[in-house]
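Let's walk through this structure together, from the whole chain down to single contacts. Keep the sequence and the 3D view open as you read.

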Amino acid sequence: MTTSEPTNLLGLSRAELKTLFTELGEKPFRAEQVMKWIHQRGVIDFDSMTDISKKLREQLKSATRISLPKVIAEYPSEDGSCKWIIEVASGSRVEMVFIPEAGRGTLCVSSQAGCSLDCSFCATGKQGFDSNLSAAEIVGQLWIANEKLGAFSPEQKRGISNVVMMGMGEPLLNFDNVMAAISVMMDDCAYGLSKRKVTISTSGVVPAIRRLKEHTDASIAVSLHAPNDQLRSEIMPINNRYPIAELLAAVREYMDSLPDRRVPVIEYTLIKGVNDHRQHARELAELLRDFPCKINLIPFNPFSLSDFQRPSSTSVSNFRHILQEAGFTVTVRTTRADDIGAACGQLVGDIADRTRRSERHLANAGKSGRNTANLAVSADS
Ligand code: SAH
Ligand code: SF4
């Protein structure tokens, strides 16, 4: 066993900080002061926390720390997006992406290095699982992005207004750390993001969705990607464990537990010749007929290890049209940051890592002989 590191305050919720201060013989309100220093003013040096006594600062310095993941590289995109690669404690590298849009700035946050779920259309899935990020490493991405954007400066340049847990990894397979991190993101003494502005995207870890309501009221997005179990299991192995009916029931239960009227987003990545036929759109409309939701279509983002292709824009608009005619609110995600490999499903950490892990994955895939191609024709054909 290694000796444990001093507690990293960056990832502690207000309740956890209060406990810590009580244990140090201090008043619990110190938690709020320290949170504001770290998350609202961007101060991570105890000596600069001027409303905290020198004695307590010394105590904090010896018993705790405030440490951020290391930024390895920054890739600004021509469209104003920016991707950062950060190194986490396990030595793995993960990516986070800033996407500016009119009136808002969204940060796409990673929850794991790699992912164990092996969806056939996802670059992160091709890497296999490396490690869970700590709560501090998850919150740290928001801190770093705000710092890079100048949001901590007194002039308050535009910072992050929305967080989507749509970076690398499956957030609900790193449940405790993700819950702790989003509680900091949503805390008024920290980033104060509202429940509508923090979205957990999940491929459908049903038992975790069922537990969600005890821990948060954040918004959710569900990666469905197919209108029936047979096709979904072909492209998302998790569907063999938690089929569509169970998944939708768990999501409905979560939405019903929320006091406000909010609907989940159903994400549907359109892959040419696999799930983008008109018949798939009709089947999807039928499946979701009594399921309140918005649908977000994501044209597949290609990457080197995949033979899948992006459908034509005609095919995407045909698919969208069928759903709209059936009464759904449908958005199509425009591909951003394509030039820096930061679009959905293209996130892989650093290049050296990518090659090494991909080789390993390919060797494993060869053993299992999985084959998901050649399933159907496109909606424009
Ligand atoms: N693990 C979570 C969150 C990360 S993936 C999940 O699966 O929901 C974020 C979104 O990008 C998911 O909807 C995922 O299915 C989608 N995605 C993955 N690979 C993609 C690709 N190559 N092109 C388009 N979307 C992709
Ligand atoms: Fe994991 Fe999500 Fe990628 Fe599937 S789509 S492999 S769940 S990160």
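Two residues are in contact when heavy atoms lie within 4.5 Å. Helices (H or I, at least four residues) and strands (E, at least two) are DSSP runs, numbered from the N terminus. What you see is a predicted model, in which local features need pLDDT of at least 70 and side-chain atom pairs count only at pLDDT 80 or more, while totals for chains, interfaces and linings use all residues. Residues are numbered from 1 along each chain as its sequence is written, chains are lettered from A and ligands numbered from 1 in the order in which they are written, and side-chain values use heavy atoms, with hydrogens and water left out.

Start with the overall picture. The protein chain has 13 helices and 14 strands. Of its 381 residues, 55% count as buried, where buried means under 20% relative accessible area, exposed over 50%, and partly exposed in between (1.4 Å probe, protein chains only). Among contacts with a separation of 6 or more, 67% join residues 24 or more positions apart. The chain exposes about 16900 Å², and carbon and sulfur atoms supply 49% of that area; accessible areas come from the Shrake-Rupley method with a 1.4 Å probe, and for residues only the protein chains shown count as cover.

Now find helix α1 (residues 14–23), whose buried residues are Leu-17, Leu-20 and Phe-21. Viewed down the axis of α1, these buried residues fall within an arc of 95°, so they line one face of the helix; the arc is that of the directions from the helix axis to the C-beta atoms. On the face turned away from the buried side, α1 carries the exposed residues Ala-15 and Glu-23. The cover over the buried residues of α1 includes β1 (7–8), α2 (30–40), α3 (54–63) and β2 (64–65). After α1 comes Gly-25, with a positive phi near 80°.

Helix α2 is largely enclosed by the rest of the structure, because 9 of its 11 residues are buried. Among them are Arg-30, Glu-32, Trp-37 and His-39. The buried residues of α2 pack against α1, α3, α5 (135–148) and α6 (175–185). Gly-42 follows α2 and has a positive phi, near 70°.

Next, the ligands. Ligand 1 is surrounded by 21 residues, the closest being Phe-121, Ser-201, Ser-223, His-225 and Asn-301; a residue is near a molecule or strand if one of its heavy atoms lies within 4 Å of it. Polar contacts are pairs of N or O atoms within 3.5 Å; within protein, one must be able to donate a hydrogen and the other to accept it, and residues adjacent in sequence count only if both atoms are side-chain atoms. A nitrogen atom of ligand 1 lies 2.8 Å from a backbone N or O atom of Phe-121, and a polar backbone atom of Gly-169 is 2.9 Å from a nitrogen atom of the ligand. The protein covers 96% of the 530 Å² of accessible area that ligand 1 has on its own. Around ligand 2 you will find Cys-115, Leu-117, Asp-118, Cys-119, Cys-122, Gly-125, Gly-169 and Ser-203.

Finally, look at His-225, in the loop between β11 (219–223) and α8 (229–235). His-225 counts as buried because its relative accessibility is 4%. A polar atom of the His-225 side chain lies 2.8 Å from the backbone nitrogen of Thr-269.
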